[in-house]
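Have the viewer open as you read.

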Amino acid sequence: MGSDLNPPTSAANTAPKGKFLREFSARRSEPLAVTLFASLAGLGLFSLFLLLLGKSPVQFVQLIYAGGFGSWFSLQNTMSRAAPLLLTALCVALPARLGLVIIGGEGALVLGGLAAAAAALPLAGFVSSGWLWIAMALSGMIVAGLWIGLAGALKHYRGVNETISSLLLTYIAIALLNHLIEGPLRDPASLNKPSTTPLPANAMIGNLPGMDVHWGFGVGLIACLFSWILMERTTIGFAARVAGGNMRAARVQGLPVGKLIVGFTFLAGAFAGLAGMLEVAAVQGSANGALIAGYGYTGILVAFLARQNPLAIIPVAVLLGGITAAGGLIQRRMGLPDASVLVLQGTLFISVLFCETLYGRFKLFNPELWLANRIGREAR
């Protein structure tokens, strides 16, 4: 009797499991499919732009590969360009999991670099390199975290739109940088390029072992891994995802929505501030106008292409870092301005925003939609 009853029971258990796996796979593949379609659409639009200019899209892609990934030298350059993008993308991705659109990474990076340089100069002659780097990192992260945390606090306590406030805070941060490096913190020896006093040798951060890539890339990888664990494997991350899905329901369930908003925006700003510190201590050697390089704005595109997934940020940041690294080669070989890569990034961003409207519209990725349409047809 047991052998007669077991097969139906097994089949009954297997059918729902198979259906669940199919639906789960369909839902998980939708973000990848939509993002891939958006990227291809953006590349197609940019190809039309090149054709109107009389340039070859094929040659453009070949030069991007050669300039960003075609050799060990170009790959190292790409990783160096990707290092700040890893951290500024997290500045967008973490608040996005709570439903917040923060676009102030550029201002947080600028203030983080400025705070790191200001903290390093008085301590350089008294502490070792390790403690000096820690002091610089903490200074940059705290200042930038408070800056972006202010946008989160304004959102929670006063209902101010976080997108507008974070953007306006970026303009204020840039104005503060320009004022301080041209005034109170200016090095008298910096004539044509206002900056703070150059960092001493023991404050500079070297390269990864065996590579011509500074430690910022390694720090960015660790930050992405930490962020993924935080969001996907902790109760705090689960609470943040619940709040992002429905903030009103999260409040009803007793979740500390206000603390989550302020805390995650602070952490997001801290990551961007760490990117600024690394740019100062590993690339620039001082806080100057070169910090305003657009890494914060490119980080927005990285986060959106990665669908706010901290692990997916890594390959996307490397890809966009390679595109940026190839800008000079494109300028020399094709006679296009170096800003052509910015046009490509803008086109990709517009395509991604447009394709956000495609989610949930395809039966292949939405079994409930397919079932509803079928029931409707049968009812008619």
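What follows goes from the pockets to the helix packing, and ends on one residue.

First, the ground rules. This is a predicted model, so to speak of local features pLDDT must be at least 70, and side-chain atom pairs count only at pLDDT 80 or more, while totals for chains, interfaces and linings use all residues. Residues are numbered from 1 along each chain as its sequence is written, and side-chain values use heavy atoms, with hydrogens and water left out.

Now the pockets. Rolling a probe the size of a water molecule over the atoms shows where empty space is left. Here, a pocket is an open set of points on a 1 Å grid over the protein atoms alone, where a 1.4 Å probe fits, with protein on both sides within 12 Å along at least five of seven lines; lining residues have an atom within 4 Å of a point. Grid points are joined across faces, edges and corners, and a volume is the space filled by probe spheres set on the points.

The largest pocket holds about 1,300 Å³ of space. Its lining counts 43 residues, with Pro31, Thr35, Leu305, Ala306 and Arg307 nearest the centre. Helices are DSSP runs (H or I, at least four residues), numbered from the N terminus. Helix 1 (2–52) gives the most to this lining, with 13 residues. Among the other helices that supply at least two residues each are helix 7 (216–233), helix 11 (295–305), helix 12 (310–325) and helix 14 (340–355). By class, the lining has 30 nonpolar, 6 polar and 7 charged residues; Ala, Val, Leu, Ile, Met, Phe, Trp, Tyr, Cys and Pro count as nonpolar, Asp, Glu, Lys and Arg as charged, and the others, Gly among them, as polar.

The second largest pocket has about 440 Å³ of space. It is lined by 21 residues, and Ala293, Gly294, Thr298, Leu342 and Gln345 lie nearest its centre. Helix 11 and helix 14 are among the elements giving two or more residues to this lining. The classes come out as 11 nonpolar, 8 polar and 2 charged.

How do helix 11 and helix 14 pack? Their axes are 10 Å apart, at an angle of about 40 degrees. Axes are lines fitted to C-alpha atoms, for helices over the stretch in contact, and angles run from 0 to 180 degrees between N-to-C directions. The two helices are therefore oblique to each other (under 35 degrees is roughly parallel, over 145 roughly antiparallel, 65 to 115 roughly perpendicular, the rest oblique). Thr298, Ile300, Leu301, Phe304 and Leu305 in helix 11 meet Gln345, Leu348, Phe349, Val352 and Leu353 in helix 14, where contact means heavy atoms within 4.5 Å. That contact has 8 nonpolar, 2 polar and no charged residues.

Helix 7 and helix 12 have axes 7 Å apart, at about 150 degrees. That makes helix 7 roughly antiparallel to helix 12. Among the residues that meet are Phe217, Leu221 and Trp228 of helix 7, and Pro310, Ile313 and Val318 of helix 12. This contact divides into 10 nonpolar, 1 polar and no charged residues.

Finally, look at Ser39, in helix 1. Leaving aside residues up to four places away in sequence, Ser39 touches Leu305 and Leu348. Its C-alpha atom is 9.9 Å from that of Ile350, 311 residues apart along the chain.
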